[in-house]
Amino acid sequence: MGRVATSHAFVLLILSFVIGGICTAAAQTMSYADAVDQLAAACRTDLAKYCRGVELGNGRLRACLDAHQNVVSPRCQQTRSTVYASIARRVAAQRDIGQICDADIERLCGTSHADAHLVECLLSVSPAAMSPACNQAFTDTGWRTERAQQ
């Protein structure tokens with residue numbers, strides 16, 4: 001490969017990381033239903049082989065996949081990692097939104113704390129009116145997309 005071609009390939013590689021990083025940072029977390037669907041599709045064979053008879057709920061299926069993480073297929077491992085990270089981000093955003101968005105809540109919702117009307121208030125304002133951190137946290141909670149789908 002010539003010097004110019006190598007230089008172009010390097011620039012394309014850097015751009016793909018930058019663009020990919022931007023898209024990842026703004027990406028929404030997946031819903032619990034999507035998480036289950038993705039795990040079922042990617043881990044179907046592994047679930048049948050290693051987790052047959054495991055009841056759903058109370059983290060039992062996750063515990064089974066975790067216990068067999070070294071022997072499940074690479075596709076299942078990758079999907080499991082992606083799903084767990086997305087769900088963890090969703091749970092953290094739901095837990096921390098009051099702290100992350102405290103100034104936005106006071107400014108936009110007229111209250112100094114996260115109350116029962118938080119979701120409705122934040123849904124009623126433009127994402128551009130929120131601070132970037134609050135907007136990302138609200139996106140990560142999944143509440144914006146769940147309400148839009150109702």
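**Pocket and ring contacts in a predicted model**

The charged end of arginine 90 lies over the ring of tyrosine 32, 5.7 Å from its centre; a charge counts as over a ring if NZ of Lys or CZ of Arg is within 6 Å of the ring centre and within 35 degrees of the ring normal. This is a predicted model, in which local features need pLDDT of at least 70 and side-chain atom pairs count only at pLDDT 80 or more, while totals for chains, interfaces and linings use all residues. Residues are numbered from 1 along each chain as its sequence is written, and side-chain values use heavy atoms, with hydrogens and water left out.

**Charge over ring**
- Arginine 62 places its charged end over the ring of tyrosine 84, 3.9 Å from the ring centre.

**Aromatic pair**
- The ring centres of phenylalanine 138 and tryptophan 143 are 6.4 Å apart and the planes stand at 65°, so the pair is edge-to-face (planes over 60 degrees apart; under 30 is stacked and the rest tilted).
- Both phenylalanine 138 and tryptophan 143 are buried (under 20% relative accessible area, 1.4 Å probe, protein chains only).

**Largest pocket**
- The largest pocket has a volume of about 420 Å³, the space filled by probe spheres set on its grid points, which are joined across faces, edges and corners.
- A pocket is an open set of points on a 1 Å grid over the protein atoms alone where a 1.4 Å probe fits, with protein on both sides within 12 Å along at least five of seven lines; lining residues have an atom within 4 Å of a point.
- Among its 18 lining residues, Val36, Leu39, Leu61, Arg62 and Tyr84 are the closest to the centre of the largest pocket.

Key. Rings of Phe, Tyr and Trp (its six-membered ring) pair if their centres lie within 6.5 Å; planes under 30 degrees apart count as stacked, over 60 as edge-to-face and the rest as tilted. Buried means under 20% relative accessible area, exposed over 50%, partly exposed in between (1.4 Å probe, protein chains only).
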